[in-house]
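Thanks for coming, everyone. Please bring the structure up on your screens, and I'll walk you through some of its local features.

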Amino acid sequence: MARPTSRVLSLLELLQSGGIRTVAELADRLGVDGRTVRRYVDHLVDLDIPVEAVRGRYGGYRLAPGYRLPPLMLNDDEALAVLLGLVAGRRTGLLTAADTASETAAAKIRRVLPERLTRRLDAVMESLAFTAPPGESATPETGVLLAIADAVRHRRPISIRYTARDGRPSERTLHPYGIVTHTGRWYVTGTDSEIGQDRTFRLDRIADARTLPGSFELPAGLDPAQRVLSGLAKAAYRHEVTLRIHGTVEQIRARLPASIASVEESAPAEGTDPHTERWLHVELRAERLDWLPPVLASLDRPFVIERPDELRDLVIALADRLTASARQA
């Protein structure tokens with residue numbers, strides 16, 4: 001049976017998770033009656049922990065807003081979740097410019113955890129291995145990220161100082177719709193109010209972000225992640241590739257995701273299964289073409305190269321190499 005002190009600490013953990021907790025809910029979670037819950041609350045108040053009683057039909061108890069408990073109270077599952085989250089964030093590029101923040105945060109958590117729990121967590125970390133290498137990290141400034149996130153939440157325009165891929169600086173006024181992370185990079189998508197067009201910007205190339213007066217309305221059916229993927233697929237690169245591929249959208253997307261290629265499909269004829277294979281128009285842009293012939297081969301679908309001719313030559317060269325290898329005894 002749990003001791004009263006243990007239950008008082010469990011009550012504090014429940015209140016720390018936020019929101020208003022009813023007496024009935026707390027009693028059920030702690031395995032006690034309502035009268036005992038009130039006595040435990042009195043214990044916390046005697047320890048100068050500001051527990052507030054909320055009256056009314058949906059009343060109960062909560063911690064006073066803004067209160068921060070000095071000791072960090074995490075159970076085994078919570079501590080492991082936090083540390084694994086820090087490790088995953090460091091490997092996938094979900095960091096700010098302070099790239100040591102995850103390491104210092106993990107060290108602080110370890111310092112305040114009980115020795116028993118620290119030893120068990122260290123055992124997990126020391127035995128953990130990854131099959132994939134760390135992702136490429138292009139980290140934004142913390143202040144930039146927080147300023148843009150606040151503007152997104154409150155639908156406020158922002159002024160940003162941006163450096164393009166070719167090194168040209170500019171100052172833009174943006175109506176930010178959302179922040180998206182993709183393959184280790186952070187992006188903000190929205191409308192450039194000066195030209196009235198949708199734009200996507202990498203956060204690590206933004207030197208400063210300032211909130212401006214005013215507000216804006218979000219477009220109907222907004223999907224920030226899809227906007228970023230479409231923008232990446234249409235970005236200016238050295239080669240513009242146009243293909244016709246016979247198959248379904250799902251088959252093509254298995255090798256050419258939305259961040260790489262755009263797929264145009266005409267509406268199927270009435271009575272036709274939309275998943276039926278048919279010729280689809282595919283466009284993509286790339287700095288290099290040497291990676292594309294193996295991808296087209298892996299699709300295992302009929303295709304026609306409309307442009308460029310250089311890609312056609314690379315596909316033929318790959319086919320010749322594969323044929324020569326297959327004929328070797």
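Pro308 sits in the loop between strand 11 (303-307) and helix 11 (309-327). Helices here are DSSP runs of H or I with at least four residues, strands are runs of E with at least two, and both are numbered from the N terminus. Look at the peptide bond from Arg307 to Pro308: this bond is cis, with omega near 0°. For background, most peptide bonds are trans, and most residues other than glycine have a negative phi.

Before I go on, a word on the source. This is a predicted model, where local features need pLDDT of at least 70 and side-chain atom pairs count only at pLDDT 80 or more, while totals for chains, interfaces and linings use all residues. Residues are numbered from 1 along each chain as its sequence is written, and side-chain values use heavy atoms, with hydrogens and water left out.

Next, phi. Asp48 has a positive value near 65°, and Asp48 is not a glycine. Find Asp48 in the loop between helix 3 (34-46) and strand 1. Is Asp48 buried or exposed? Its relative accessibility is 67%, so Asp48 counts as exposed. The cut-offs are these: buried is under 20% relative accessible area, exposed is over 50%, and partly exposed is in between, with a 1.4 Å probe and protein chains only. Arg155 also is not a glycine, and its phi is positive, about 55°. Arg155 lies in the loop between helix 7 (142-154) and strand 3. With a relative accessible area of 35%, Arg155 is partly exposed.

Now the strands. Two strands pair if DSSP finds at least two bridges between them. Strand 1 (residues 51-54) and strand 2 (residues 60-63) pair in the antiparallel sense, over four bridges. Val51 stands opposite Leu63 in strand 2. Their hairpin has five residues between the strands, and Gly56 takes a positive phi near 110°.

Move along to strand 5 (residues 185-192). How many of its residues are buried? Eight of eight, so this strand is mostly covered. On one side, eight bridges join strand 5 to strand 4 (residues 169-182), running antiparallel. His182 stands opposite Arg185 in strand 5. The hairpin of strand 4 and strand 5 has two residues between the strands, and there Thr183 takes a positive phi near 45°. Strand 5 also pairs with strand 6 (residues 197-202), antiparallel, through six bridges. Tyr187 faces Arg202 in strand 6. This second hairpin has four residues between its strands, and Gly196 in the turn has a positive phi of about 65°.

On to salt bridges. The rule is a side-chain nitrogen of Lys or Arg within 4 Å of a carboxyl oxygen of Asp or Glu. By this rule the count comes to 14. One of them joins Arg172 and Asp192, with the closest N and O atoms 3.3 Å apart. Arg172 is in strand 4 and Asp192 in strand 5, so the pair ties together parts that are 20 residues apart in sequence. Asp192 is buried, at 3% relative accessible area, whereas Arg172 is partly exposed, at 23%.

Arg227 forms a salt bridge with Asp198, and here the closest N and O atoms are 2.5 Å apart. This pair links distant parts of the chain: Arg227 in helix 8 (residues 224-233) and Asp198 in strand 6, 29 residues apart. Asp198 is partly exposed, at 42% relative accessibility. Arg288 and Asp290 meet in a salt bridge too, at 2.4 Å, N to O. Arg288 is exposed, with a relative accessible area of 54%. There is also a network of salt bridges linking Glu171, Asp208 and Arg210.

Last, the rings. Rings of Phe, Tyr and Trp (its six-membered ring) pair if their centres lie within 6.5 Å; planes under 30 degrees apart count as stacked, over 60 as edge-to-face, and the rest as tilted. The structure holds two aromatic pairs. Among them is Tyr162 with Phe201, edge-to-face, at 4.8 Å centre to centre and 70° between the planes. Tyr162 is in strand 3 (residues 158-163) and Phe201 in strand 6, 39 residues apart.
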